[in-house]
Amino acid sequence: MINLAAADVRAGLGRYLLTGAGLGMLIGVTLTMAGVYRGMVDDARVLLRSAQADVWVVQRHTLGPFAEPSQLHDDVDRAIAGLPGVAATGRTTYSTMQVRHAGGDLRVMVAGFEPGRPGAPAFLVAGRPVTRAHYEAVADARTGLVPGDRVRIRRHEYAIVGLTQRMVSSNGDPMIFVPLKDGQDAQFLKDNEAIRNDRARLAANPAFAPPEVRDAVAALQTTNQSVNAVLVRVREGFDPALVAQEIRRWKHLQAYTNAEMEEILVAKLIATAAKQIGLFLVILAVVSAAIVAFILYTMTLGKLKEIAVLKLIGTRNATIAGMILQEALGLGLIGFLVGKIASLAWAPAFPKYVLALPEDAARALVASLVIAAAASLLGIRAALRVDPAAAIGG
Amino acid sequence: MNVTPAASVEAPAILVEGLAKRYGSGPTAVDALREVDMMVQPGEVVGLIGPSGSGKTTLLKALGAVIEPTAGRITLGGEVVYDRGWKARDLRALRRDRIGFVFQQPYLIPFLDATDNVALLPMLAGAPNARARERAREMLAALDVAHRAGARVAELSGGEQQRVSIARALANRPPIVLADEPTAPLDSERALTVVRILDQLAREYRTAIIVVTHDEKIIPTFRRLYRIRDGRTVEEAGEGRRFD
């Protein structure tokens, strides 16, 4: 038996391919949206993995340092370091801000770290690590900076000495790593006007009249002794969950294992974005289905007389329905292939990391075929309602 | 009853007795066919003529097993198709295997070439593709369009399309062919050619052919005619004029 669908497609191949390509653009957008979500999840995982920590210690009753603000005294790491099972600690600050470069500005996450300790930048792809105590920085390659560039972070200029790769915040902002003290300054240091203002208020307050009290309070106001998190690397053979439990119990701090931190980043921090993307995917699926349904319906309406003749000469309804269904599945397949190629082609142009997973592609293929099959029902219904008697007479 | 049995011992290919068809019900009901009787022998070409709205198309649809008569009996090739409310079980197979259709417009499948348009019928009947195409080529040759076998429908002239549609109608060697104004879009010469072809094929394949027509050019060519008026048929002798 002749494959009627293949013959019909061959006869109007250009129009069919063009229709499939148009549908493919929509599927490409769908795949890209899914890739953006996957990229966000992957960014979060890379952020955690690159910190090389097993436990994240943050302010009690917070989900810090990424999901909620967290402040810890910067000497709390010494007490943590003494706990059984703790191999190393590293104090860190994280603050998302605009940094100035070459007359413009960049949105980045500035991370303060201690060299050689958990939280230091990993995956250096160019330049060298930070070796000086101040005003050197390592930047993620996505900032567009190169070693030798200078950026201004709040009041200070920093020389970019090295580059990392795939080091971005959960929002997709590339990271710049600076020494811890500079990170603390970037986040907590007041500007000079505010310091002068605080001093004037202090001098005017009779409660702080004794010079030693006033100096002590002034010192507290101008220095910053906080970090956002202490990252802990656990000794081999120790369970990070138990170490985290000990920290929670004895130090009145919140401690999360990597798995718990990942849960916070993925399930809480990017949950809204995930819902938004999910809704977009549903809308795109519905729009795609509507387009395929409309195309197949109009294609069927254009063939009603031929369908009537086919029925009159004894063609089974199943054969006619099969023809429409096969054409729909073909459109779905072409749409998927074009969509996949398009999404891979335009992914590098996206500011956020777009991660194309094979399983997402497989799901998209199945969804494309299911949507195309469902969309063909309208055309099939129109074809099955054609009366063979319509072929006879005017 | 106006049926005049032909002087043949062969069973009639088409036998219609007291056929009626009513559309709708109550005061708005329309009796498209009232008391139709008709008989066509194998190998015979019969004209069915009548003014617009007289019931020609309804009769053709009933004979083509696509509408159900209200009353009466239709026997095709010795097999009862309708009998006072009863109908044969597989009308689709009946249409496929026993009835060929030729339409006013050729209504070829535009995305198939001439060969496959004809081969489709044997294929639907279960013939392997190669054999069906071979049969199609034979039919196209019989209709002098073998040289257009690979042409798409849009590449064929009106006359060629009509020949291909006749080849399609005869591809399964049906005992009955129903032709609905097959010459309407053609000029006199081509119209007469089509009727001559139908006449030759009727004699060659022993096919009973009913040609519904308004076409004054071809009416004189029929040896026997049924005139239909107000849903009733009257048999008339035709001129049976020679085609040349």
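This is a predicted model: local features need pLDDT of at least 70, side-chain atom pairs count only at pLDDT 80 or more; totals for chains, interfaces and linings use all residues.
Local features need pLDDT of at least 70 and side-chain atom pairs count only at pLDDT 80 or more, while totals for chains, interfaces and linings use all residues. Residues are numbered from 1 along each chain as its sequence is written, chains are lettered from A and ligands numbered from 1 in the order in which they are written, and side-chain values use heavy atoms, with hydrogens and water left out.

**Exercise 1.** Describe how domain 1 of chain A meets domain 2 of chain A.

Step 1. Domain 1 covers 4-43 + 272-391, domain 2 covers 60-189 + 224-252, and domain 3 covers 196-222.

Step 2. Look for salt bridges, in which a side-chain nitrogen of Lys or Arg is within 4 Å of a carboxyl oxygen of Asp or Glu. The rule finds 2 across this interface. D43(A) also forms a salt bridge with R166(A), at 2.6 Å from N to O.

**Exercise 2.** Describe the interface of chain B and chain A.

Step 1. Count the residues in contact: 25 from chain B and 24 from chain A.

Step 2. Give the area. About 2400 Å² is buried, 73% of it from carbon and sulfur atoms. R92(B), Y107(B) and F111(B) supply 28% of the area that chain B buries, more than any other three residues.

**Exercise 3.** Which parts of chain A does the salt bridge of D77(A) and R91(A) link?

Step 1. The closest N and O atoms of D77(A) and R91(A) are 3.8 Å apart.

Step 2. D77(A) is in helix α3 (residues 76-81) and R91(A) in strand β3 (residues 86-101), 14 residues apart. Helices (H or I, at least four residues) and strands (E, at least two) are DSSP runs, numbered from the N terminus.

**Exercise 4.** Describe the largest pocket and the largest cavity.

Step 1. On a 1 Å grid over the protein atoms alone, a cavity is a set of points where a 1.4 Å probe fits but cannot get out, a pocket is an open set with protein on both sides within 12 Å along at least five of seven lines, and lining residues have an atom within 4 Å of a point.

Step 2. The largest pocket holds about 400 Å³. Of its 23 lining residues, T30(A), L31(A), L281(A), A364(A) and A367(A) are the closest to its centre. α9(A) gives the most to the lining, with 8 residues.

Step 3. The largest cavity holds about 90 Å³. It has 13 lining residues, and L31(A), K340(A), S343(A), L355(A) and A356(A) lie nearest its centre. α2, α11 (317-346) and α12 of chain A each supply at least two residues of this lining.

Key
Grid points are joined across faces, edges and corners, and a volume is the space filled by probe spheres set on the points. Domain bounds come from an automatic or database domain assignment. Contact means heavy atoms within 4.5 Å. Buried area is the accessible area (1.4 Å probe) that two parts lose on being put together, summed over both.
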